[in-house]
Amino acid sequence: MSTSSRTTAVVVAAAVGISALAACGTPGGGADAKTVTLVSHDSFNVSKSVLAAFEKESGYKVKILKGGDAGKAVNQAILSKGNPQGDVFFGIDNTLLSRGLNEGVFSPYEAKGLANVPAGLQLDKGEHRVTPLDYGDICVNYDRGYFARHKTAPPKTFDDLLKPRYKGLLVTENSATSSPGLAFQLGTIAKYGQAGWQDYWKKLKANGVEVVDGWEQAYYERFSGSAAGKGKGDKPLVVSYASSPPVEVLGKKPAPKEAPTGVATGTCFRQIEFGGLLKGAKNEKGGKALLDFLVSKEFQEDVPLKMFVNPARKDAKVPELFTKYGATIDKPATLPPETITKNREQWIKQWSSLVLK
């Protein structure tokens, strides 16, 4: 994820006409006591009405500085620690979390409403340097039409992907250049352990897995089930998101009984996204108010259809589009953030050597 884009996690939203919010701002915008500055990756999005309600209630004007993909934005936050570009950072996830914490980027703050966030998402619960704000699952998606035509059941698990019937059907993203590609690799490491994941990938390569640079190429160009790609791809299996099927249904009238794509629920790795008060924030009071807003029900219930991820709050209502067409992942693969931080670069190099040769 250090070289990949968090934008891929929600770029499907852009494909169906959901525009991202971008507010102009300059580094140090939080110097104005009436202005609070949010630093984020490019995929941060919120409804104008929801943001306007916060501004009216709080008296703060919110400036949003978008810093590219997640890895780039986190790197910039680390480089500018102590003299940050803004007051709050949004978008560090569990694949990069330990790095940000170890570098001392964030100041502790227990946001209001945090009690409504499940303990399993609170990976820094003891110190509250970061606050969990959303989560999503990276999983293999399948083209229902393809498997219906071929009268074959789609895969459900990592093990299934090694079966001869799925030979040459899967496209995934490069772990070194893609967030979902790395997440899929981490899922296999969580499943098979340090001793077994490389052997798994040797077998997956032998079974004809295709690797492309990024999510857009995999989903729009190679996957046969993408409406935006008009079915031009010839791969009925793709590494994408548990929230991708609802996007395939968005705006369709009449609404179909089920999404045209499905999720192999035994292939999922969970990404949790956090926000935090930047150490050295020029408007610390405003930053705390903004973090409270990001945990509020109003913002949390806006998250699914703006960023196509799940809200962190357990009492936030999720739209029917998600509940009817999306996949609920009860037991996603996970790894401790410190384990990812310690091994990430080595794992990527090992994967590249195994799969790309």
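Trainee: What does D315 count as at 28% relative accessibility?
Mentor: In this predicted model, D315 counts as partly exposed, because its relative accessibility of 28% falls between the cut-offs of 20% for buried and 50% for exposed.

Trainee: And which side chain does D315 meet in a salt bridge?
Mentor: The side chain of D315 meets that of R313, with 2.8 Å from N to O, and R313 is buried, having a relative accessible area of 10%.

Trainee: How many salt bridges does the structure hold?
Mentor: The structure holds 15 salt bridges, and one of them joins R270 to D137, whose closest N and O atoms are 2.8 Å apart. That pair links distant parts of the chain, since R270 sits in strand β9 and D137 in strand β5, 133 residues apart.

Trainee: Are R270 and D137 buried or exposed?
Mentor: Both R270 and D137 are buried.

Trainee: Switching to rings, how many aromatic pairs are there?
Mentor: The count comes to 21 aromatic pairs. In one of them, the ring centres of Y146 and F147 are 5.1 Å apart and the planes stand at 80°, so this pair is edge-to-face, and both residues are buried.

Trainee: Which residues do ring pairs link into a cluster with F158 and F184?
Mentor: Ring pairs link F158 and F184 with Y192, Y200, W201 and W351 into a cluster.

Methods
Residues are numbered from 1 along each chain as its sequence is written. This is a predicted model: local features need pLDDT of at least 70, side-chain atom pairs count only at pLDDT 80 or more; totals for chains, interfaces and linings use all residues. Side-chain values use heavy atoms; hydrogens and water are left out. Rings of Phe, Tyr and Trp (its six-membered ring) pair if their centres lie within 6.5 Å; planes under 30 degrees apart count as stacked, over 60 as edge-to-face and the rest as tilted. Buried means under 20% relative accessible area, exposed over 50%, partly exposed in between (1.4 Å probe, protein chains only). A salt bridge is a side-chain nitrogen of Lys or Arg within 4 Å of a carboxyl oxygen of Asp or Glu. Helices (H or I, at least four residues) and strands (E, at least two) are DSSP runs, numbered from the N terminus.
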